[in-house]
Structure formats: structure tokens, C-alpha cells
Amino acid sequence: MLQRLNVRGFVLIDQLELELGPGLNVLSGTSGGGKSLLLEALRFVLGRGSGGRKAAARWVRPGAEAAEVEAEFRLDPERSAALSEALGREAPADGRWQLTRRLSAAGRGRCSLNGEPVSRDALQAGALGLVELFGQGSAQRLLDPEAQL
């Protein structure tokens, strides 16, 4: 489960920390309130970029040195072990996984998993299935043939 999302220097967001509780969490508000921007930040940290493209320096807030997004997940032992095996890394004893992605204004990126460097591709592969994003007319996971029945 996603427990915390910390966003710094991302497009229009100077700094934001979002804590999520157990069960259903809903982001609601008026148009232009920033809901889509939070989803973009989540896609960014999961290595998905926007529309599958690699991240670009345009994600960095004007005047900021870098855009950085951290997502903290707490996984059950089974899911944590599967993620550990997929990434070839030891699972944290408490089941907490922290994904971090940073992009400098110069366009240089860096990803880490629990504080250790990792490639964007590995981050993206490891994060597969951690979060499902649904919007109007989209069910992203259903587009993946391996996720279909």
C-alpha cells in the first residue's frame, strides 16, 4: 500500500507531503486543483514518465535545482518477497519500500530504491503492480497482455 508521497520541485509544486491511510483514499477537488499533477508525480516516481516517455527537464519547477519525488510503500510479506526477488535485492524486514526519483534542471536523472541506486528500467519493472491508476476511460493495467485473463 502507498503510505506517503513526498514531492519537491515538480512542475508547479514547491513542496508537498501526502500521507495516505489504510483503505480507500480519494483525491477530489475542483478543476485546476492539482489532482492530475499528483498523479503525474506518482507516474514519475514509478518510472513511467508521462505517456510512457522518459522524463524531461520540463518536470522541474522553474527556479528549482531538481524535481524529486519519493513514494513509500508498505507491502505484505508475500508481495515484499516477490519484489525482492524481481529486483535481486534483500527485502526490508518491516516491508517498507522507498522509491525515489530525482531529475536535475540539466536533465540528469537518478533513481533509488531504499536509498540504493537503481536504473529507471529496474525501478519501473519493480514498481509494476504496486499502483493502479484509473482515469476516465482508462484501465492502464488492462492494456498489458500479461495482466489479462
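This is a predicted model: local features need pLDDT of at least 70, side-chain atom pairs count only at pLDDT 80 or more; totals for chains, interfaces and linings use all residues.
Reader: What makes up the chain, and in what order do the elements run from the N terminus on?

Author: The chain holds three helices and eight strands, and from the N terminus on they run β-β-α-β-α-β-β-β-α-β-β. Of the 149 residues, 38% are buried, and the accessible surface comes to about 9100 Å², with 51% of that surface belonging to carbon and sulfur atoms. Among contacts between residues at least 6 apart in sequence, 62% join residues at least 24 apart.

Reader: Which strands form the open sheet, and what makes two of them edge strands?

Author: Six strands form the open sheet, in the order E2-E1-E3-E4-E5-E6, with antiparallel pairing. Strand E2 (13-19) and strand E6 (116-118) are the edge strands, since each pairs on one side only. Neighbouring strands of this sheet are turned by 15° against each other on average, direction ignored.

Reader: How do you know that E5 and E6 are paired?

Author: Two strands pair if at least two bridges are found between them; strand E5 (residues 109-113) and E6 are joined by three bridges and run antiparallel, so the pair meets the definition.

Reader: What joins E3 to E1 and to E4?

Author: Six bridges join E1 to E3, and the two run antiparallel, with Asn6 standing opposite Glu70 in E3. E3 and E4 pair in the antiparallel sense over nine bridges, and here Val69 has Arg101 in E4 as its bridge partner. E3 is also mostly covered, as eight of its nine residues are buried.

Reader: Which helix packs on the sheet, and which strands does that helix touch?

Author: Helix H1 (residues 35-45) packs on the sheet and touches strand E1 (2-10), E2, strand E3 (66-74) and strand E4 (96-104), while the direction of H1 makes about 100° with that of E1.

Reader: Why is Ser84 called buried?

Author: A residue is called buried under 20% relative accessible area, and Ser84 has a relative accessible area of 11%, so the term applies. Ser84 is found in helix H2 (residues 77-87), and not counting residues up to four places away in sequence, Ser84 touches Arg89, Glu90, Ala91 and Trp97.

Reader: How do you know that the buried residues of H2 are on the same side of the helix?

Author: The buried residues of H2 are Ser80, Leu83, Ser84 and Leu87. They cover an arc of only 100° around the axis, which puts them on the same side of H2. Glu78, Glu85 and Ala86, on the other side of H2, are exposed. The buried residues of H2 pack against E4, E5 and helix H3 (120-127).

Reader: Why is Ser104 called buried, and which residues does Ser104 touch?

Author: The relative accessible area of Ser104 is 18%, and buried means under 20%, so Ser104 also counts as buried. Ser104 lies in strand E4 and, not counting residues up to four places away in sequence, touches Ala57, Val60, Glu65 and Ala66. The C-alpha atoms of Ser104 and Ala64 are separated by 8.6 Å, although the two residues are 40 residues apart along the chain.

How values were computed
Residues are numbered from 1 along each chain as its sequence is written. Side-chain values use heavy atoms; hydrogens and water are left out. Helices (H or I, at least four residues) and strands (E, at least two) are DSSP runs, numbered from the N terminus. Buried means under 20% relative accessible area, exposed over 50%, partly exposed in between (1.4 Å probe, protein chains only). Contact means heavy atoms within 4.5 Å. Accessible areas come from the Shrake-Rupley method with a 1.4 Å probe; for residues, only the protein chains shown count as cover. Axes are lines fitted to C-alpha atoms, for helices over the stretch in contact, and angles run from 0 to 180 degrees between N-to-C directions. The arc is that of the directions from the helix axis to the C-beta atoms.
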